Structure formats: structure tokens, C-alpha cells
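User: I would like to go through this model by question and answer. Please keep to what can be computed from the atoms.

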2 protein chains.
Amino acid sequence: MAKTKKQKLKVIPLGGIGEVGKNLTVVEYGDDIIIIDCGLGFPDDDMLGIDLVIPDVTYLEKNCEKIRAIFLTHGHEDHIGAIPYLLRTINVPIYATRLTLGILQNKLEEHHLEKIAQLNCIKAGSVTKIGAFSLEAIRVNHSIADSVAYAIGTPVGTVIFSGDFKIDVTPIDGEMTDLTRFGELGKKGVLALFCESTNAERQGFTPSERIVGDSLDTIFASTNKRVTIATFSSNVHRVQQIINASEKFGRKIAVTGRSMISVIKAATSLGYMRIPDGMLIGLEEMKRYRPDQLTLITTGSQGEPMSALYRMTFSEHERVKVNLGRDDLVVISATPIPGNEKLVSAIINELLRKGVEVVYNQVADVHVSGHACQEEIKLLTALVKPRFFIPTHGEYKHLTSNKALAVQVGIPEENILIPEIGKTIELDSRSVKMGQQVPSGKILVDGYGVGDVGSVVLRDRKHLAQDGLIAVVLAIDTEGGYILSGPDVVSRGFVYVKESEELMESVRLMARQSVERTLDSGNCDYNSIKSNLRDDLTKLLYNKTKRKPMILPIIMDV
Amino acid sequence: MAKTKKQKLKVIPLGGIGEVGKNLTVVEYGDDIIIIDCGLGFPDDDMLGIDLVIPDVTYLEKNCEKIRAIFLTHGHEDHIGAIPYLLRTINVPIYATRLTLGILQNKLEEHHLEKIAQLNCIKAGSVTKIGAFSLEAIRVNHSIADSVAYAIGTPVGTVIFSGDFKIDVTPIDGEMTDLTRFGELGKKGVLALFCESTNAERQGFTPSERIVGDSLDTIFASTNKRVTIATFSSNVHRVQQIINASEKFGRKIAVTGRSMISVIKAATSLGYMRIPDGMLIGLEEMKRYRPDQLTLITTGSQGEPMSALYRMTFSEHERVKVNLGRDDLVVISATPIPGNEKLVSAIINELLRKGVEVVYNQVADVHVSGHACQEEIKLLTALVKPRFFIPTHGEYKHLTSNKALAVQVGIPEENILIPEIGKTIELDSRSVKMGQQVPSGKILVDGYGVGDVGSVVLRDRKHLAQDGLIAVVLAIDTEGGYILSGPDVVSRGFVYVKESEELMESVRLMARQSVERTLDSGNCDYNSIKSNLRDDLTKLLYNKTKRKPMILPIIMDV
């Protein structure tokens with residue numbers, strides 16, 4: 001490999017900027033590319049019918065011979081979820097810590113990709129040399145165990161990617177964010193810090209995960225009801241604390257929800273979670289115990305309509321045959337992700353209506369964030385003392401707030417760069433600047449289709465969702481210039497037809513008039529007939545109903 | 001009117017319970033009904049294409065000869081917005097304070113109802129006797145001026161409806177919630193307090209509106225940029241504070257946004273707002289002033305895509321030809337209503353991206369709530385000392401939290417009743433209990449249609465929104481049992497057809513096979529043909545795409 005002094009390090013964010021979700025960063029030097037994280041996002045409200053959103057990886061596909069490896073910071077969907085889609089075209093070695101690999105493995109099996117994936121286990125503290133780079137994994141705290149940051153040695157200097165992190169000085173597993181190592185690197189000299197921005201608007205210091213344990217102890221100490229706790233399945237430490245509190249108060253543990261069962265299985269077998277012997281019982285055994293001897297751990301803390309908690313709340317859960325009721329206390333150990341507030345409220349409301357006691361974050365400290373607040377971000381930045389600071393992972397407002405924090409700890413404003421999606425950041429030992437824009441954006445996944453739903457399809461879905469549709473079908477004798485049959489009018493999602501016969505009759509009448517008028521003008525061109533039909537019916541319906549259903553004219557060849 | 005000792009006071013909430021928006025409470029004694037508030041709600045995410053939600057008033061229509069009047073607590077949409085719909089069938093006198101009537105008048109004019117409405121102006125402190133009732137309006141603070149609660153004298157005792165309130169001891173207009181009057185009524189004996197619950201989950205005391213003024217002063221003192229402030233047009237006191245701060249710092253005021261212009265006009269003409277002479281300028285005059293001489297007041301604090309702020313942000317605003325840019329500071333003086341968070345974030349992100357300085361509630365105290373927090377609710381309850389306590393205006397979780405507050409101030413738990421929508425609350429001097437259920441619920445308004453979009457239409461809209469539709473059209477010779485013409489296949493919102501020709505070809509082929517198979521079985525019944533067609537195509541498409549578009553089979557009579 002030819003390396004000259006003049007080459008620059010390129011860092012290209014293909015995700016994680018300007019929106020939550022789908023983190024993917026390209027690090028490139030000469031002929032070597034490594035990828036940091038490869039996540040997916042969830043659709044916005046206006047992406048109707050879309051299941052997932054993954055980053056556009058055209059740039060990677062074009063440069064696939066340069067790609068050496070993917071390095072993962074932790075096992076959350078927004079950092080690993082797009083790997084099954086990437087692996088179909090780009091199959092390179094994947095490096096991650098043990099728990100992250102365990103979670104990834106489950107995901108790969110669902111996609112039948114477990115055999116082709118090249119998985120490599122690393123540990124916090126280990127250094128991996130690949131191409132022009134050496135990657136050191138550094139322990140960080142986050143709402144999932146075994147998370148790491150990466151310090152990447154490159155020919156132009158050391159670049160640090162914080163990943164998602166917080167600083168928990170009383171962590172559940174005893175492993176604190178390795179501030180010492182960040183400080184050591186800082187003393188040696190760090191070229192650039194890419195720092196996450198999720199909580200950059202929030203003052204202070206994120207509380208320790210441990211306070212949730214204290215809250216759980218308080219709850220268990222003061223109730224003799226059955227306690228059901230909903231949380232993120234990936235929050236292994238949270239689940240461990242639920243187990244610990246249950247053990248302390250002599251409760252058995254039952255588990256429901258597909259992802260909760262699968263994570264607990266993975267985490268216990270890998271040694272990240274410990275359940276005392278005989279404590280875990282099956283759902284069917286619950287009836288043998290009194291309410292005050294039981295804890296049920298479940299998914300559904302985001303109010304997801306397919307989740308176990310949702311089904312138990314709305315009595316659709318077959319296995320937990322005991323409905324939740326007056327003998328139950330439910331803890332929602334989570335905060336709604338933006339967009340999920342109403343779903344979570346609906347569950348809380350329904351449970352309260354049934355007489356269930358509900359403890360959620362507004363009424364007790366049963367959740368803490370996994371992301372660093374302002375004081376933690378400043379502390380990390382002050383230890384690392386980077387020459388250049390690049391806020392990442394957040395909307396523009398979070399990145400802007402993070403920039404302000406860096407200024408506070410003394411990074412000159414001209415050394416801070418707010419990145420843009422797909423825009424190359426060029427670094428050398430003395431400068432940072434924006435370079436070339438590469439293809440980037442959102443690829444929508446709908447069912448098996450990856451990228452086949454674009455703006456035209458979405459526009460039609462929005463139109464259909466808004467006011468429904470009216471299909472007008474007729475057969476025309478183009479020689480004679482007259483209507484052979486029809487028009488037949490069918491509607492869906494517009495009005496309830498049985499109660500709108502008069503309106504539908506006026507639509508049929510107008511359709512006939514419209515087509516005849518076009519034919520009488522000597523124009524038998526299908527496109528003119530259709531276009532006039534659309535205009536005439538749209539006008540009629542807007543005047544009568546103030547709605548604009550999609551008009552779908554279909555002319556049959558008979 | 002025949003009144004016997006045995007009659008009970010009935011209170012029926014037809015809105016405001018279990019959800020935000022659309023407040024409407026029926027108060028009934030013998031042959032007399034009065035209505036407290038008559039508001040509308042906005043659609044949930046799953047009410048596709050719906051513009052507004054109003055309460056079901058079947059009960060009122062059935063008892064229209066008993067209805068004596070509507071009393072309004074304040075001029076917010078969720079308390080007055082359904083009046084134009086109610087007036088079409090039930091035209092009774094409306095009582096409200098002056099500003100509330102002023103805002104209502106605008107709304108009635110939009111619906112061309114201003115001539116038929118019977119409007120009566122009342123003042124805080126005044127008592128109105130109607131039928132079996134006497135209604136005393138009591139001043140309360142809220143995020144709109146001229147708000148009142150009602151103490152209703154009834155044959156069974158005094159019943160108080162708090163309306164929306166907070167306790168602002170340093171109010172902008174000098175008029176504080178009339179705690180003294182509440183206390184006097186409490187000393188005389190109050191049968192029941194119906195108390196709003198919006199902030200019942202929040203600890204402490206809602207800050208005074210005045211702190212927003214302090215924040216504005218600080219902002220103006222430290223910038224020489226043009227300042228644009230977005231807030232709720234109905235928050236007259238907030239707008240007054242913007243005017244005051246602008247005056248102090250020698251800035252002219254310009255106004256944009258239809259509702260902002262209309263409320264400022266109404267409020268100044270009624271004396272609720274004061275703009276110094278010569279201070280208000282037209283948008284076209286702005287170019288004559290330096291940025292530090294200008295304040296622009298605008299709508300759009302909720303990120304509404306049709307609002308002035310949205311259009312200025314995304315450069316679609318024709319009149320403010322100067323785009324917002326590096327010489328601008330924008331203040332979002334509001335908090336997103338649940339569901340609007342992403343819209344507001346999108347505006348903040350775009351403004352920051354353009355180099356605009358943005359001040360919003362996460363970074364400075366530029367908004368306060370208009371609703372009472374826990375300490376205020378407890379204070380009111382302690383002063384009123386009601387025998388019975390009924391939490392209102394909130395989701396079930398808010399009502400439950402409010403109940404807990406009443407317990408704290410000494411109301412026995414058995415004297416607290418959590419209401420349900422449409423369920424009659426029966427009160428006499430010694431008891432409160434649930435009575436009969438009356439028709440109640442949500443009536444959906446879509447364009448001119450009130451109530452004509454029901455569950456079938458919504459289900460179809462959801463289906464169409466999710467995966468689009470495929471229409472299959474064919475003509476059949478039922479005598480001969482063969483296909484005359486077609487099948488023609490048209491799709492919308494499913495896949496981009498130009499890139500899916502193979503798939504569409506397989507749909508056509510399967511459609512032909514399906515119909516021929518049905519016909520071959522000797523079955524020429526249209527319903528069988530359609531039903532088989534739907535099943536066969538759904539299966540094919542789910543296997544190939546994992547999507548389930550709506551299949552619309554249309555058979556033509558030729």
C-alpha cells in the first residue's frame with residue numbers, strides 16, 4: 001500500500017446525523033476502509049407502511065474492495081440492525097465484544113446469515129490492527145452491557161469514537177467507563193473526538209443505573225402484589241437488578257416476550273446475567289405461587305401493540321391466563337422514545353382503569369437514561385483534549401448543543417465541525433474540513449422489499465390514507481366513440497357507501513357526462529378521457545364533501 | 001317545574017375524560033340542563049384523514065327541550081371548538097366572558113353562524129340564574145386571559161367546576177385566581193369539586209407567566225439580531241410580554257400568521273392587549289429597520305406545516321421575503337403538545353442548519369404551563385373543602401394522580417369518584433354514585449362530513465396506507481363461463497410499477513388462472529370469483545413481497 005504524507009483521513013457519516021437511529025460511519029485512509037457500526041432506524045410517521053429504514057450504502061458498494069472490517073460499539077438496533085442487509089452485498093469480518101456478538105448472532109439466525117458471517121470477538125482494552133488502522137476498544141457504560149468506544153490509531157493521529165456512553169461511577173457490573181484510558185490517550189494527544197450528542201441538551205449528570213435498583217427495592221418492600229416489570233430486553237443490567245430485588249424479597253421470576261426470553265438466554269449463557277438456581281419458573285407455574293411470591297419480566301415498555309405487556313393489558317395474552325387486575329402492580333421501567341408517548345400512555349391508562357397499580361417514570365425513579373448529559377460530555381472532552389471535536393449521533397439541535405459544550409471546555413470554535421450526512425470529513429494532523437459529498441440517505445424496507453418503495457409510492461399511500469379512493473371503470477367503443485359499458489364506481493376509504501348512495505349516484509352520473517363530453521369532442525384518446533374524468537370528479541367531490549379521494553379511472557379494452 | 005327533595009343532580013361528562021381535548025359536561029336537574037364548555041379534539045394518529053373530533057351529543061339532541069344554556073370557561077379550542085357543530089341542531093344562549101366571546105365570534109363567522117348565535121357576556125364575579133341553577137363565574141389564571149371557573153348553586157348544594165386553571169400570584173393583568181372566593185365558598189360548604197387534572201402528575205407549583213417576560217428581557221438585552229417569537233396566538237398575556245420587552249429595547253413589532261393577526265386584533269380592540277402607538281408595523285415595512293430594531297411575532301410554535309413559522313423556516317413564505325438566517329434569533333415560546341414533538345424538532349433543526357440562533361424550552365425558560373401542578377391542585381382543594389371530589393380533564397393516569405392529591409388533603413377515598421365518559425354522576429347532599437350510561441364517544445369530522453367516516457372507512461384507509469392497492473378489472477361472459485376481456489391490473493401505493501414489471505405480470509397471470517379455475521368449477525357467481533381472486537392474489541403477493549395490498553376485484557357487466 002502506497003502511503004504518502006499528503007494523504008488525508010476521511011470520515012464519512014452515512015447515518016446517525018440529523019436523525020436518531022441508523023448509525024454508520026466510514027473511516028477511510030488510502031486503500032483501507034473500516035466501518036464503525038451499522039444500524040437501522042424506524043420509519044417516521046409519514047413513511048406509511050414502511051417497516052425499517054437503513055442507510056444508503058452505495059458508497060460502500062462502490063468501494064467494497066477497500067473495506068477491511070466492521071467494528072461495533074454495542075448491541076442496540078440502531079448500531080447493529082442493518083448488518084443483515086449489508087452482509088448480502090458486503091461480507092467483511094465483524095469485530096465486537098462478546099455480548100454484542102451474542103445479540104448479533106440471534107439476528108443473523110433470523111435472516112439465515114449465521115453461516116456466512118465472519119464474527120470476531122474482542123474485549124475492552126484489546127487492540128486490533130487492520131490495514132492502516134489500529135483499533136483499541138475502550139470500556140464505556142451504556143444501557144446495554146459490554147459497550148465500547150474506539151480509539152483508532154491512524155497515520156494522521158488518533159481519532160476517538162465515543163459510541164453511545166454515559167459515566168456510571170457505580171455500575172452494576174463494576175466496570176466503569178475507562179476514564180483513565182481516555183485521559184492517557186488525551187495526554188499523548190488525540191487528533192479528533194467524535195462524541196455522541198443524544199443528551200447534549202440536558203444539564204447535569206445522568207444518574208447511575210443503580211438508583212433504579214433502589215427504587216425497585218422500595219417498591220418490593222411496600223407491596224404484596226404480583227409485580228410485573230416491563231423494560232428493554234437489551235438492558236441486561238436492568239434485568240439483573242430486577243432479578244436481584246426479586247431474590248431479596250423471596251420472589252420467583254417468570255419471563256414473557258420473545259426478545260426478553262432470547263436476550264436473557266444469551267446473557268446468562270455468556271455470563272452477563274446471573275439467575276439463582278430454581279428462581280426462574282415457567283409462566284404455567286405461576287398459578288402455584290401467591291402474588292407476593294412472583295415477579296414477571298416482560299417486553300412492551302414502549303407500548304408496542306404486538307408486545308407481551310400490550311397483550312396482557314388488553315387481555316389478548318393466552319399464556320398469562322391470569323389477567324392483570326387488582327392484585328397486580330406494573331412497573332414501566334423505561335421512558336417512551338419520541339413518537340411512542342401515546343402508545344405508552346394508552347397502556348398505563350388501561351391498566352389503571354382495570355385497577356392495576358402502575359409505577360412509571362413520572363411517579364418514581366424507575367428508569368435512567370443510557371446517554372451522557374452535559375457534565376459527562378464535558379468531562380470526557382476535557383480528558384481526551386482533542387484537537388478537533390465532531391459532535392455526532394443526534395438531530396441538528398443536539399449537535400449544536402454538543403458543540404456549545406466543547407466550546408465551554410476550551411476547544412476553539414474553528415476546531416469544531418458539525419457533520420452532515422454523506423459529507424466527507426477530511427482530517428490531517430493540522431486541519432479538519434468538509435470534502436466531497438457521497439451518496440447517502442434513507443433506504444426504506446417494506447416487507448422483503450429494500451428500496452423499492454420510493455417517493456411516488458409513498459405519495460400515493462398518503463393520498464389513499466387521507467381520503468381513500470374511487471375507481472371508475474368503463475368500456476368504450478373507440479371506433480364508434482361511445483360508452484359500451486359502465487361507468488361502474490367502486491370506493492374504498494372514502495365514505496360508507498351504504499349511507500352515501502345519493503353521492504355515489506352523482507359520481508356515476510358525472511363520470512358518464514365527463515366521458516361523453518370528451519368523446520363528443522372527437523377525442524377518443526384514453527389519456528384525455530382519464531384526465532378529464534379525474535378533474536371533473538375531483539371538483540365534484542371537493543365541492544360536495546371538501547375531500548379529495550384518489551380517482552382511479554380504468555378503461556377496459558373489450 | 002316540579003322539583004321534589006328526592007331528585008338528584010346529574011353530571012354527565014361527554015368529553016374531557018380519558019383523553020385530551022373536547023371538553024363538554026352536562027349538568028342536569030329535573031327539567032333543566034346546562035352545558036359547561038363545548039370543545040373539539042384533534043385526531044389520533046390512527047384516524048387517517050380526519051380533521052377534527054367532536055363529542056357525541058345524541059343525549060343532548062334527545063333532551064334538547066331541557067337545555068337552558070351553554071357556559072364557557074375560556075376561549076381554547078378544546079373548550080369552545082365544537083360550538084359551531086352543536087349550534088346547527090341545538091341553538092341555546094351562550095354565556096362567556098368578553099375575550100372568550102370575542103374569540104368565539106371569529107369562529108362563528110368562519111362558519112357563517114354569527115347571526116343565529118345568542119351570545120351573552122358575563123364577568124368574573126357575576127351570578128347568572130338559569131332554571132334550577134345559579135352560576136357564579138370565578139376568576140382563574142390560565143394560558144389565555146379572561147378564564148373563569150364556575151360555582152353552580154343547585155338544589156342539592158354547590159358544585160364547582162375548576163375549568164383549566166393555575167395559580168399565578170404575579171399575573172400579567174393583575175388578576176389572580178380568586179382564591180378568596182373559593183375559600184369563602186369552601187367555608188359555606190361545597191358539595192363537589194370537579195377539578196382539572198392536566199398537570200396532576202407534576203410536582204410543585206407551575207411557574208408564573210412573568211418568568212417568561214424575564215427570559216425575554218435577557219434575550220433582548222444580549223442580542224442585536226432580529227428576534228422572531230412563535231407562540232400560541234390565544235396566549236394574550238404572552239404576546240403582551242413580547243410587546244413589553246420589545247418596547248423596552250426599542251424594537252418595532254410585526255405580526256404574521258392568520259390566527260395571530262386575528263387574536264391580536266380582537267384582544268387589542270377589547271382592551272386585553274395594549275400596543276403603544278406607532279409600534280406595530282406591516283411586514284413590508286420591516287426592510288426599513290435594522291435587525292436589532294425588529295421583533296416578529298408569529299404562529300407555528302407547534303411546528304404546524306401550514307403555519308407562518310414553518311413557511312419561513314422552509315422558505316415558502318412569500319411576504320417575509322427576507323429568509324431567516326444568520327441575523328436572526330428565533331424563540332419557540334411553547335412546549336410541543338404530545339404528538340407534535342417531531343414537527344417542532346424538525347423546525348428547530350432546520351433553523352439551526354441555516355445558522356439561525358434558536359432559543360427553545362430545553363435551553364431557556366421561554367414557556368410556562370397554563371395548568372396547575374400538584375401543589376396548586378391541593379391548595380384549591382384544601383380551600384374549597386368539597387364533600388366529593390371528581391377529577392376531570394385528563395387521561396385516566398392524570399385522573400388517578402389527581403385522586404391521590406385529593407386523598408392527601410383529606411378527602412376520604414370513598415368520596416372521590418373517577419368519572420367515565422358518558423356515565424352519569426348522580427349527586428345529592430349525602431352521596432355520589434355512578435348512574436346510567438348515555439350515548440357518548442367521538443364523532444369524526446372529515447371535510448364537510450360529520451360522522452360519516454366510521455370504522456369501516458378508517459379500516460380501509462389504514463389498509464390502503466399500509467400497502468396500497470391493486471385493482472383487477474375483467475369482463476366475463478357468464479353464459480359461456482369465460483373471460484371476455486382482461487384481467488387488467490392497476491396498482492397504487494404498492495410498488496413502483498415501472499421497476500416491478502415481472503411482479504405485475506405474475507399478478508395478471510395469477511388473476512387469470514384464479515378466475516378461470518372458479519369458472520371451470522361451474523361457479524359464475526361474482527362473489528365467489530371476487531373472493532377467490534382476493535385470496536389467491538393476497539397469498540401470491542405475501543409470498544413474493546411480504547406485503548398485503550388491498551385487492552379490489554371489479555367485474556364488468558358487458
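This is a predicted model: local features need pLDDT of at least 70, side-chain atom pairs count only at pLDDT 80 or more; totals for chains, interfaces and linings use all residues.

Analyst: Residues are numbered from 1 along each chain as its sequence is written, while chains are lettered from A and ligands numbered from 1 in the order in which they are written.

User: Which element gives the most to the side of chain A that touches chain B?

Analyst: In the interface, 60 residues of chain A are in contact with 60 residues of chain B (contact: C-beta atoms, placed from the backbone, within 7 Å). Elements of chain A that each supply at least two residues to this side include α10 (341-353), α12 (396-408) and β23 (469-477); helices (H or I, at least four residues) and strands (E, at least two) are DSSP runs, numbered from the N terminus. With eight residues, the top contributor is α13(A).

User: How many residues of domain 1 of chain A are in contact with domain 3 of chain A?

Analyst: Chain A is divided into domain 1 (9-204 + 369-440), domain 2 (210-359) and domain 3 (455-556), with bounds from an automatic or database domain assignment. The C-alpha centres of domains 1 and 3 of chain A lie 53 Å apart. On the domain 1 side, the number of residues in contact with domain 3 is four.

User: Which residue follows α11(B), with a positive phi?

Analyst: Helix α11 of chain B spans residues 374-384, and its buried residues include B:Ile377, B:Leu380 and B:Val384 (buried: 20 or more other C-beta atoms within 10 Å of its own, with C-beta atoms placed from the backbone). Among the elements covering the buried residues are α5 (179-188) and β18 (386-392) of chain B. After the helix, with phi near 40°, comes B:Lys385.

User: Which strands stand at the edges of the eight-stranded sheet of chain A?

Analyst: The open sheet has the order β7-β6-β5-β3-β2-β1-β19-β20 in chain A, with mixed pairing; strands pair if DSSP finds at least two bridges between them. Each edge strand has a single partner, so one side is left without a neighbour in the sheet. Those strands are β7 (119-121) and β20 (432-437) of chain A.

User: What is the bridge partner of A:Ile70 in β6(A)?

Analyst: Strands β5 (residues 67-71) and β6 (residues 94-96) of chain A run parallel and are joined by two bridges. The partner of A:Ile70 in β6(A) is A:Ile94.

Methods
Two residues are in contact if their C-beta atoms, placed from the backbone, lie within 7 Å. A residue is buried if 20 or more other C-beta atoms lie within 10 Å of its own, exposed if 12 or fewer, and partly exposed in between; C-beta atoms are placed from the backbone.
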